[in-house]
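Work through the exercises below with the sequence and the structure side by side. Try each task before reading its solution.

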Protein chains: 2
Amino acid sequence: MEYKISNKFKNMKPSAIREIFKSLGRPGAISFAAGNPSPESFPVDDFKRIANDILTQEPITALQYGITEGYAPLRELVKERLKRVYSIGGESDETIIVTGGQQGIELCCKVMCNEGDVVICENPSFIGALNAFRSLGARLVGVPLNEEGMDVLALENALKSNPSTKIIYTIPSFHNPAGITSTLENRKAVYALAQKYDVLIIEDNPYGDLRFSGENVPTYKSMDVDGRVVYCGSFSKILSAGIRVGTLTANKELVSKIVVAKQVEDVHTNVFFQMVCYRYIKECDLEAHIEKIRRLYKHKAELMISTLEKYMPKDVSFTRPQGGIFLWCSLPEGMKLSDFIARCSDKNVFVVPGTAFLPNESEPTRSFRLNYSMPTDDEIENGIKIIAQVIESLR
Amino acid sequence: MEYKISNKFKNMKPSAIREIFKSLGRPGAISFAAGNPSPESFPVDDFKRIANDILTQEPITALQYGITEGYAPLRELVKERLKRVYSIGGESDETIIVTGGQQGIELCCKVMCNEGDVVICENPSFIGALNAFRSLGARLVGVPLNEEGMDVLALENALKSNPSTKIIYTIPSFHNPAGITSTLENRKAVYALAQKYDVLIIEDNPYGDLRFSGENVPTYKSMDVDGRVVYCGSFSKILSAGIRVGTLTANKELVSKIVVAKQVEDVHTNVFFQMVCYRYIKECDLEAHIEKIRRLYKHKAELMISTLEKYMPKDVSFTRPQGGIFLWCSLPEGMKLSDFIARCSDKNVFVVPGTAFLPNESEPTRSFRLNYSMPTDDEIENGIKIIAQVIESLR
């Protein structure tokens with residue numbers, strides 16, 4: 001039969017990043033394309049012991065249907081930690097467990113947006129969120145990023161000229177893909193604009209715990225005085241990505257709608273790993289574990305930055321992240337990104353072209369994303385050298 | 001702030017079943033309200049051993065991001081079993097892993113339906129699917145069930161008078177909530193109508209493996225000559241519900257769109273339990289395990305039916321399922337369902353009122369759903385006796 005695909009999905013394509021991954025099997029390939037946490041960040045031995053304990057002591061709870069909101073003891077610990085670490089969570093807020101941060105973002109848009117409603121996002125932004133918004137028929141409007149965060153003038157223009165804006169989507173800390181952390185002043189200005197134009201903010205903070213230099217900046221949610229911020233957290237980058245356990249914190253009224261939306265998507269997040277996360281936080285030292293990951297990524301980021309500084313031509317710019325797992329690199333003026341990507345691929349080095357992260361995919365860009373959590377030290381040094389040579393060869 | 005909830009979610013409410021569960025904590029409560037598999041169906045010891053093996057031998061695969069389509073070795077085994085047991089899967093078909101059968105149903109509707117498009121479903125039908133369709137702005141049209149399955153004349157009328165129908169959603173075997181299995185003739189007639197009016201069929205078959213009497217009936221998917229059937233399977237009722245691992249099989253072209261939709265919902269299903277299911281099928285005897293569950297449910301169903309036959313007034317009708325975990329019971333004419341439910345609740349016995357399963361919730365019904373997989377033998381005997389007394393007391 002001929003499938004009459006819905007209007008929203010007719011033109012949806014798999015993420016460009018997925019396609020890149022198909023090349024990574026080649027022998028000797030050096031990949032800076034991943035979005036994966038380092039496997040060294042997985043507490044394998046603790047998980048093994050905890051898994052055995054759960055399946056010995058509480059197997060039925062772990063294997064039976066659970067409630068949509070999530071495993072209550074985990075929710076309590078998450079609330080406690082969000083309060084302690086991020087000053088998040090007031091009387092009128094609720095925290096639920098979702099199937100990875102991705103689901104929280106998607107559910108929030110699903111509950112808020114009619115087809116054609118606008119979501120304002122940073123330009124560039126996280127492709128998984130952009131595609132989620134697209135899949136729900138929302139219209140994306142990008143606002144450029146500068147070193148302080150979202151360009152506030154451009155944001156106000158976007159809000160003014162798009163009265164059907166429902167949401168500002170932002171990754172304020174250790175931005176994916178840009179590696180930028182917005183300043184407190186910038187966050188205050190963005191929040192004030194959200195108030196002025198009465199729109200919601202989705203604060204996507206999967207890397208928030210991974211600061212390895214600089215000073216903490218308060219989260220949007222900690223400054224939220226009128227239930228305007230939906231905070232999306234994740235265990236993917238601090239415990240394990242494959243378990244699909246994330247968190248969402250927002251005003252209770254909004255959360256009750258999000259729970260209904262979650263129920264029809266997957267009933268609930270897998271109970272066993274909610275229990276694993278609970279026991280890990282209860283029995284182990286999560287903060288010490290995070291500190292270990294921070295040290296690892298600090299080393300990787302510093303190595304990548306110093307290698308870039310050493311080998312990269314002066315007219316190549318790149319961001320210097322204070323945390324997270326990505327930095328953002330821009331080719332010299334006049335150089336074609338597609339030529340660069342093709343030649344890197346010939347040399348068996350893989351990066352993600354900036355086009356993948358654009359709200360408007362047909363916009364021109366000379367930027368690309370580099371990941372430093374997955375490659376080895378040798379791969380970072382050799383790969384960056386090759387990238388520098390490729391750029392010189394394209395002059 | 002005042003939330004401007006999307007039109008689709010403005011009127012969505014949590015499932016009525018969830019609300020019932022809040023009463024179940026009472027001491028001495030007898031619940032026939034669950035949709036849960038018996039905890040005896042969970043292979044706890046095998047899972048414990050396998051979990052330990054995976055976290056010893058392949059921890060990184062289990063804890064790192066996976067691909068959206070699912071863990072390839074599990075997909076191969078699922079394909080092999082679907083072929084062997086159900087004659088499902090041709091050259092043009094693909095099977096992916098989803099986060100429970102619920103996600104497969106929701107994704108399929110998401111990819112196919114624009115707002116206002118019609119999904120035809122059985123009346124009554126599975127509340128999780130109905131709410132998924134509602135949440136996507138699809139319009140539900142119910143077709144009555146008779147002992148053969150969907151009323152074919154009513155189905156053709158519904159198709160004729162709703163030209164924007166995209167999908168027929170059916171639970172052909174051991175129907176939830178009705179406990180009915182449609183006949184081969186009925187399935188052929190429904191398939192022919194789907195061809196005539198060029199609509200897709202979602203075949204939801206989470207209970208398919210749980211036949212305990214009668215003869216197998218071929219699945220819709222095994223009769224599918226033009227890629228018209230999306231087959232949704234599940235491990236929830238044969239291995240564990242809390243792990244959220246289901247399967248979806250459909251034409252490759254359609255699956256490629258469903259994969260895009262899944263990617264933006266939760267990236268992928270948790271890898272660890274995909275590996276657990278794979279190893280369980282590989283190393284253990286799934287068919288023998290299913291046979292054990294069948295024997296358990298045969299016993300429970302026969303006990304419930306014989307108790308109903310013994311105590312229920314003659315003007316109460318009920319279905320006699322050949323598998324699955326539910327039967328469907330109807331009060332005598334003139335009796336009010338809400339009075340019955342309230343009085344049962346006073347007596348600490350809980351059932352799900354038929355209203356929860358109606359495509360049109362304001363339609364009158366005198367039916368309710370009884371589950372026999374969760375209660376003990378004593379609870380079945382005592383609970384049914386109480387229900388019979390409640391009915392007599394309402395004359």
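**Exercise 1.** Find which exposed residues are carried by the face of H5(A) turned away from its buried side.

*Solution.* 
Step 1. Locate helix H5 of chain A at residues 72-86; helices (H or I, at least four residues) and strands (E, at least two) are DSSP runs, numbered from the N terminus. The model is predicted: local features need pLDDT of at least 70, side-chain atom pairs count only at pLDDT 80 or more, and totals for chains, interfaces and linings use all residues. Residues are numbered from 1 along each chain as its sequence is written, while chains are lettered from A and ligands numbered from 1 in the order in which they are written.
Step 2. Apply the burial cut-offs: a residue is buried if 20 or more other C-beta atoms lie within 10 Å of its own, exposed if 12 or fewer, and partly exposed in between, with C-beta atoms placed from the backbone.
Step 3. A:Leu74, A:Val78 and A:Leu82 of H5(A) come out as buried. They lie on the same side of H5(A) because they cover an arc of only 70 degrees around the axis; the arc is that of the directions from the helix axis to the C-beta atoms.
Step 4. On the face turned away from this buried side are the exposed residues A:Glu76 and A:Arg84.

**Exercise 2.** Compare the reach of H5(A) with its expected span.

*Solution.* 
Step 1. H5(A) has 15 residues.
Step 2. Just after the helix, A:Ser87 takes a positive phi of about 55 degrees.

**Exercise 3.** State whether A:Val267 and B:Asp198 are buried or partly exposed.

*Solution.* 
Step 1. A:Val267 is in the loop between H10 and H11 of chain A. Although not a glycine, A:Val267 has a positive phi of about 70 degrees.
Step 2. With 23 other C-beta atoms within 10 Å, A:Val267 is buried.
Step 3. B:Asp198 lies in the loop between helix H9 (184-196) and strand E7 (200-204) of chain B. This residue is not a glycine either, and its phi is positive, about 50 degrees.
Step 4. B:Asp198 has 14 other C-beta atoms within 10 Å and is partly exposed.

**Exercise 4.** Locate the cis peptide bond that runs from A:Asn123 to A:Pro124.

*Solution.* 
Step 1. Omega of this bond is near 10 degrees.
Step 2. A:Pro124 sits in the loop between strand E3 (118-123) and H7 of chain A.

Notes. Expected span 1.5 Å × (residues − 1).
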